[in-house]
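Hi everyone, and thanks for coming along. Let me put today's structure up on the screen, and then we can walk through it together.

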Amino acid sequence: MRRALSPVIATVILSGVVLAVGGAIWSYSLGASSVIANSYVNDTLSLLDEVTERFTVEHVTNSSDGSTLSVWIYNYGEPDVVVDVYVYVDDGGSGQSMENLIPSGQIVRVDVALDQPLEILDEVSIKVYSRRQNSVYETYLVS
Amino acid sequence: MFMKHILSRRGVSTILGTLIFVGILFSAYVPMVLVMKQADTIYEQRVHAAEVESYERELEDLLVLAYPNDADDTITVKATNEASVPIRVVRVWINDQCNTTDKTLMPGATSVVDSFKVDLSEEVFNVKVATERGNLFTSSSGSLYYDPETGYWATPTLAICVNIINFMGKYRIEVAYINGTQVGYYETQGVEFGDVIQTFTVPETGVSYVVTIQKHKGGNWVDLPGTPVTVEMVYPNGSPLVYVYADGTEI
């Protein structure tokens with residue numbers, strides 16, 4: 001009976017195939033696990049920033065002509081915060097200021113231009129939304 | 001026999017496959033799990049720290065008193081830490097004027113935060129104090145008023161507020177100087193079925209007043225437990241309004 005290959009050569013070839021396939025799987029696994037781990041860590045840290053984000057509206061005032069509302073926002077949390085400020089006046093006026101960076105531990109004044117000038121005793125609702133979906137509300141009475 | 005086993009194709013492949021599997025396990029999967037666990041641990045630690053900070057923020061309690069100084073057109077801000085945690089004052093707002101400061105008050109401590117120059121043309125001054133933890137405390141002495149015509153600051157009315165916890169009873173309250181000179185007197189019209197609250201204006205600060213609270217019982221007037229009590233009016237170093245609480249249910 002004729003044999004195509006000797007057992008030694010067959011073993012070498014099979015071992016080579018196993019090593020090649022195994023090495024490829026090994027390499028893929030290393031890359032995949034690294035990507036998964038990095039993604040998990042990044043997601044966890046993003047979630048952490050979202051959970052530990054803290055900011056508050058510390059002071060509000062308006063310009064003498066009522067065209068601008070100034071809102072002081074204090075970031076007392078660890079991560080820097082990017083906020084959008086929306087202002088609604090009870091008589092229908094409104095205004096907004098987008099993408100304001102509040103560094104950690106800092107207070108920043110955000111000026112919001114209004115489409116209608118404020119008048120005495122107007123009640124103003126101020127909504128501050130962070131890009132991490134946290135929010136703070138404040139009410140201001142024009143005096 | 002040994003060589004025969006080694007050279008067995010299936011045997012060698014099984015050994016190699018096992019080595020590769022173990023290699024992948026220890027070089028890829030295990031480090032990945034360790035990194036994930038590490039991230040979880042950091043997350044838990046930071047969230048716990050944030051919860052502690054939030055709790056300490058809720059604990060903060062600051063009694064703020066602001067009073068004017070005629071000599072140099074300044075307002076002095078004084079604060080008492082009534083909380084069990086140290087409080088760091090970082091800003092003092094006087095109307096729209098933001099004054100940056102840095103004063104740490106230990107629990108129970110009273111200290112002048114600072115004196116701040118003000119623009120007297122504003123006439124009305126609202127003072128509030130911001131802490132590092134993001135709390136705001138307004139002045140207990142209320143707004144300060146300046147009259148530019150006379151050049152004087154308006155002082156708040158000084159008063160003693162008596163609060164009697166009551167289910168049913170008839171009471172009389174007397175406020176007097178230490179020497180017995182009466183400053184204020186109040187007697188309920190009949191039997192009261194709720195708490196009795198009465199405020200007495202007092203003429204001057206820097207002196208002590210004796211507050212006597214009596215309940216009508218068995219045809220006699222009986223002092224409530226804890227009274228007569230002596231209270232000090234120390235404004236502007238203290239509140240212009242002093243509270244006296246008494247329990248009328250114990251008699």
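Let me begin with a question: how many residues lie between β6(A) and β7(A) in their hairpin? There are four residues between these two strands, and in that turn Q133(A) has a positive phi of about 75°. Please keep in mind as we go that this is a predicted model.

Let's stay with strand β6 of chain A, residues 123-130. On one side, β6(A) runs antiparallel to β7(A), residues 135-141, and seven bridges join the two. One of the pairs here is K127(A), whose bridge partner in β7(A) is Y137(A). β6(A) also pairs with strand β3 of chain A, residues 81-89, again in the antiparallel sense and over seven bridges. There, S125(A) in β6(A) is the bridge partner of Y88(A).

Now look at the two faces of β6(A). V124(A), I126(A), V128(A) and S130(A) make up the covered face, while E123(A), S125(A), K127(A) and Y129(A) are on the uncovered one.

Leaving aside residues up to four places away in sequence, I126(A) touches V57(A), V60(A), V71(A), V85(A), V87(A), Y137(A), E138(A) and Y140(A). I126(A) also belongs to the largest nonpolar core, which has 46 residues. Along with V71(A), I73(A), V77(B), V127(B) and V129(B), I126(A) touches the most other members of that core. As for where the core's residues come from, the largest share is six residues from strand β3 of chain B, residues 87-94. Another core, of 16 residues, lies apart from this one, and its members include V196(B), F200(B), M233(B) and V244(B). In soluble globular proteins, nonpolar side chains tend to be buried together.

Next, how do the chains meet? 29 residues of chain B are in contact with 29 residues of chain A. On the chain B side, helix α2, residues 9-59, gives the largest share, with 21 residues. That side has 18 nonpolar, five polar and six charged residues.

Last stop: chain A is assigned domain 1 (1-52) and domain 2 (54-141), and their centres, taken over C-alpha atoms, are 53 Å apart.

Definitions and conventions. Residues numbered from 1 in each chain as written. Chains lettered and ligands numbered in written order. Predicted model: local features only at pLDDT ≥ 70, side-chain atom pairs only at ≥ 80, totals over all residues. Contact = placed C-beta atoms within 7 Å. Nonpolar A, V, L, I, M, F, W, Y, C, P; charged D, E, K, R; others polar. Core = buried A, V, L, I, M, F, W, Y, C linked by C-beta atoms within 7 Å. Buried ≥ 20, exposed ≤ 12 C-beta atoms within 10 Å, placed from the backbone. Domains from an automatic or database assignment. Pairing = 2+ DSSP bridges.
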